[in-house]
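Let's take a walk through this one together, a stop at a time. Have the structure open and turn it as you read.

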Amino acid sequence: MFEGNKRSNEKNNTLQEFTLMFWKDKILIDNLNIPLGEASTEILNLSDKTVLEMFNARNEAIDSMRIFFNDNIKKDLVLVTDIQNKLNKVLDIAVALPPFKYLINNGWSSMIIDIFNTEPLGFESISNRYTHNGEILYHFFFKVFSIIDEVISFNGFVSNMLTYYFENLKKRNEEYYAVGVYKFFTDINLLNEIRSILPPIPSFDFSQIINVGIQYTPTRNPEDEKQYILAEQIVFDSMKAFLYYDFFRGLINGHCPRRCHNCGKYFLLLSGHNTCYCSNTAPKQKRNGETKTCREIGAHIKETQKKEKRTPARQEYDKVYNRLKTRKNRGKISVDEWNEKVAKAISYMEQNQNGELSDYDYMEIMKNM
């Protein structure tokens with residue numbers, strides 16, 4: 001039911017459970033060798049607009065699920081088609097994300113509609129929350145919605161970790177990454193602040209404990225087909241578990257997502273490298289029809305920028321700005337409220353910098369915004 005699976009590394013993969021093979025600093029998927037941390041970096045680069053669309057699609061699908069399992073609501077073809085379409089929208093979002101885009105085929109475009117049209121008793125069974133088939137379908141829905149929740153959670157926690165505890169690291173290696181992780185997970189105030197912004201759903205929390213299955217299997221060496229290696233096969237039952245594993249195992253191997261100082265997008269910084277610019281074509285270059293990368297023009301950019309650090313007042317403003325932006329993207333405040341609050345935050349920062357507002361009063365005001 002709703003499997004949409006395809007075989008990869010001799011395993012059948014579904015949205016509920018999928019298996020990936022790891023070796024050295026890579027994920028091996030058929031003929032692809034994906035660096036650890038690349039999937040996490042792709043998730044971090046989801047735009048605010050995309051995340052909001054994902055969240056809205058999830059909410060609409062949840063409302064449809066409630067209707068679907070409500071015995072008091074008579075189902076006709078129009079309603080069933082609407083439910084199917086809203087579910088498909090979330091499923092399409094899920095299978096476009098790593099790692100599912102490498103593992104899952106979309107095979108569910110009209111299953112509920114087909115059953116409604118051809119199997120009345122079957123439809124009655126799957127739309128009853130308390131039958132065996134209804135229970136299976138209900139938990140499938142829950143698993144799909146959790147994928148969206150866990151992506152949003154990962155973005156919220158890891159982007160803050162990288163911003164506040166990784167960006168200013170003196171060195172980029174496993175030892176310093178460990179220090180950054182420790183400081184992040186011991187910053188209870190920051191963790192609680194992130195949790196307060198995210199919706200109050202358990203799967204949103206970025207737990208340090210995940211459950212996976214593990215086995216070791218001989219396979220051909222992707223670097224030399226004449227040789228065999230012993231690879232690690234991990235069985236995941238959630239998006240959260242995969243992203244957690246990919247991100248932290250990447251750090252262990254010296255791979256870390258970093259935000260480009262020019263274009264603002266994340267790129268994967270590999271072991272032994274320490275640059276703050278990505279290798280993508282710089283935005284201004286694209287507009288001018290040129291091809292220089294952020295890395296190529298980065299040194300010149302740095303020289304022309306002021307080398308002063310952000311003031312404490314600016315740092316506090318940046319926290320408030322990010323907090324308000326997240327609330328706007330989650331639909332907790334309107335665009336007008338967002339503009340009004342940001343304008344007030346700028347005003348308070350300027351008053352503090354001009355000596356018109358004490359540091360204590362400024363911090364208290366910004367804390368409560």
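Helices here are DSSP runs of H or I with at least four residues, and strands are runs of E with at least two, numbered from the N terminus. Keep in mind throughout that this is a predicted model.

With that in hand, find T293, which sits in the loop between α11 (283-287) and α12 (294-304). Is this residue buried or exposed? Its relative accessibility is 14%, and the cut-off for buried is under 20%, so T293 counts as buried. Setting aside neighbours within four places in sequence, T293 is in contact with C278, S279, N280, T281 and A282.

For a contrast, go to E356, in the loop between α14 (335-353) and α15 (359-367). E356 has a relative accessible area of 58%, so this residue is exposed.

Now for the strands. β6 (residues 212-221) is where you'll find Y216, and a hairpin of 2 residues leads from β6 to β7.

I214, Y216 and L230 make a nonpolar patch of about 350 Å². Y216 has a relative accessible area of 52%, so this tyrosine is exposed.

Next, the charges. How many salt bridges does the structure hold? There are 15. One of them joins K24 to E223, with the closest N and O atoms 3.9 Å apart. K24 lies in the loop between β3 and β4 (26-29), and E223 in the loop between β6 and β7, so the pair ties together parts that are 199 residues apart in sequence. K24 and E223 also belong to one network with D25 and K26, joined by salt bridges that share partners. E223 itself is exposed, at 51% relative accessible area.

Another pair is K101 and E42, whose closest N and O atoms are 2.8 Å apart. This pair links distant parts of the chain as well, with K101 in helix α4 (residues 100-103) and E42 in helix α1 (residues 38-44), 59 residues apart. K101 is partly exposed at 35%, and E42 is also partly exposed, at 29% relative accessibility.

Then there's D149 with R58, where the closest N and O atoms are 2.4 Å apart. D149 belongs to helix α7 (residues 132-165) and R58 to helix α2 (residues 48-68), so to speak across 91 residues of chain. Both D149 and R58 are buried.

Last stop: E316, in helix α13 (residues 312-329). What is the nearest side chain of opposite charge to E316? K319 is the one, at 4.3 Å. A salt bridge requires a side-chain nitrogen within 4 Å of a carboxyl oxygen, and E316, although buried, has no salt bridge. Not counting residues up to four places away in sequence, E316 touches Y362, M363 and M366.

Methods:
Residues are numbered from 1 along each chain as its sequence is written. This is a predicted model: local features need pLDDT of at least 70, side-chain atom pairs count only at pLDDT 80 or more; totals for chains, interfaces and linings use all residues. Side-chain values use heavy atoms; hydrogens and water are left out. Buried means under 20% relative accessible area, exposed over 50%, partly exposed in between (1.4 Å probe, protein chains only). Contact means heavy atoms within 4.5 Å. Patches are made of residues with over 30% relative accessible area and no salt bridge: like charges are joined within 9 Å, nonpolar side chains (Val, Leu, Ile, Met, Phe, Trp, Tyr) within 5 Å. Accessible areas come from the Shrake-Rupley method with a 1.4 Å probe; for residues, only the protein chains shown count as cover. Two strands pair if DSSP finds at least two bridges between them. Lys and Arg count as positive and Asp and Glu as negative; His and the chain ends are not counted.
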